[in-house]
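The sequence and structure come next.

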Amino acid sequence: MKTGLNILRPKAEYTKTDMANYTQLNGGLISSALLHKTEDRLMPLFSLIADKDSSVGSETEKRIDTITNKFYKHELGSDFDESIEELIEASVEARLFGLSICELFIENENFAYRKLDRECFFYEEGKILLQIGKTKFEPKEPRYVIFRHKPTLLKTLWIVYAKHFVLSSYMKFAEFLGVPPLVANISNSDDETIEAVGDILSSLKSAGYAVMGKEDTLSILNGRGSQDDFLAFVRYCDAEIAKVINANTLTSNVGSSGSLAQAQIHEKQRQEIVARDVKFAIRCVTKAFRVIELEPKLVIFYEEDKDLLHRATVLEKLHGMGFSMSVEDMSTEFDLKLIKESKSPQSRLSINNRLERNEKSKPLDNIDAFMQSENMTRLLDIHSKNIKKTLEEILTSATSFEEAFHAL
């Protein structure tokens with residue numbers, strides 16, 4: 001612990017990366033990232049789509065908020081609450097993005113953790129680096145704790161790329177249909193006339209005009225394309241993104257009305273994701289505090305099953321049909337801990353023996369010896385009886401409380 005205090009410093013100010021190199025998605029970046037699956041290729045893309053794509057950003061925030069808003073308890077005291085919340089958020093980000101880093105520092109003469117922003121990560125030769133001023137270095141323990149996990153956003157890269165490719169094509173399509181093609185039939189076909197009419201038609205837009213001959217005609221080609229196909233594909237992409245990240249579309253902006261069975265399936269899948277996030281968060285927090293030789297014993301409360309009454313009813317019916325279930329099986333089914341006696345009969349017997357020995361132990365001094373002696377007990381009984389007899393005589397003979405008080 002003292003060594004850690006000498007090594008660690010107050011939290012530092014880190015230089016953030018320039019995301020200008022990742023301002024657009026393209027097939028080359030996506031295919032390279034999916035082929036190699038290395039952090040230096042994936043993390044910039046993940047940060048880009050989380051910032052640029054509203055569906056990815058909102059779904060990742062929803063996934064993080066689901067865990068960080070849960071109640072929790074630990075045995076380290078309230079001074080570490082903020083650090084534990086930072087570690088929990090970092091663990092969920094590790095499951096989403098594949099990597100998160102927490103800094104261990106000294107604050108108010110005590111240890112503390114904080115999660116570093118993804119914008120602080122540099123990559124050179126495949127290694128992750130941090131930068132303070134002009135100095136770049138690789139984060140290592142004990143000052144930094146790194147959490148890694150298979151990234152969930154890996155499954156969304158092609159979906160996001162397809163979505164943005166279609167959107168860019170739609171803009172070109174809309175631009176094409178915004179000014180529909182014009183076809184002019186003119187009576188004179190010499191080159192000078194055709195060139196003059198062509199110049200006029202190219203400038204025909206809103207509030208434009210053209211002077212044509214009496215026998216000349218002008219027609220517009222109406223396109224048959226519709227924006228519904230584009231928007232339907234975008235909704236499909238958003239729904240797939242919601243399924244990948246939160247296994248749920250009914251609570252997303254892309255969700256439509258669904259059946260009760262569909263809602264129950266989505267809810268069950270969401271609970272499974274939350275359960276895995278909670279378990280991983282507890283492991284990450286435990287790992288971080290073991291660096292400073294502390295055991296947080298973190299417990300995160302989440303509603304694992306809403307329909308406990310239904311399960312209990314089913315078990316009751318099965319019992320009526322002749323099926324039995326042990327106490328251990330019920331504790332496993334309902335995720336309840338058995339109440340165990342803290343002391344076995346043998347341990348209680350040994351405690352009673354120690355108490356008896358303590359009662360028979362030797363007194364500390366002569367005063368204790370006299371207080372525990374039979375003479376002291378006999379004298380106390382005699383004086384107690386005399387005092388009681390005197391009080392009874394005074395109270396019986398007195399005619400008022402005042403007279404009894406003066407007699408006493």
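## Conventions

Helices (H or I, at least four residues) and strands (E, at least two) are DSSP runs, numbered from the N terminus. The model is predicted: local features need pLDDT of at least 70, side-chain atom pairs count only at pLDDT 80 or more, and totals for chains, interfaces and linings use all residues. Residues are numbered from 1 along each chain as its sequence is written, and side-chain values use heavy atoms, with hydrogens and water left out.

## Overall composition

The protein contains 15 helices and 10 strands. Of its 408 residues, 30% count as buried, where buried means under 20% relative accessible area, exposed over 50%, and partly exposed in between (1.4 Å probe, protein chains only).

A contact means heavy atoms within 4.5 Å. Among contacts in the protein with a separation of 6 or more, 69% are between residues 24 or more positions apart.

## Backbone exceptions

Most residues other than glycine have a negative phi, and most peptide bonds are trans. K297 has a positive phi near 50° and is not a glycine. K297 sits in the loop between α9 (260-290) and β10 (299-300), and it is exposed, with a relative accessible area of 52%. K37, also not a glycine, has a positive phi of about 55°; its place is the loop between α2 (27-36) and α3 (39-52).

The peptide bond joining E141 and P142 is cis, with omega about 5°. P142 belongs to the loop between β6 (135-137) and β7 (144-148).

## Nonpolar core

A nonpolar core is a set of buried Ala, Val, Leu, Ile, Met, Phe, Trp, Tyr and Cys residues joined through side-chain atoms within 4.5 Å. The largest one has 60 residues, and F46, F121, F147, L157 and F289 have the most contacts inside it. Leaving aside residues up to four places away in sequence, F289 touches L76, F80, S83, I84, L87, Y113, L294 and P296.

## Cysteines

A disulfide is taken as a pair of cysteine sulfur atoms within 2.5 Å. By this rule the count is zero. For C102, the closest cysteine sulfur is that of C284, 8.5 Å away and too far for a bond. C102 is buried at a relative accessible area of 0%, and C120 counts as buried at 6%.
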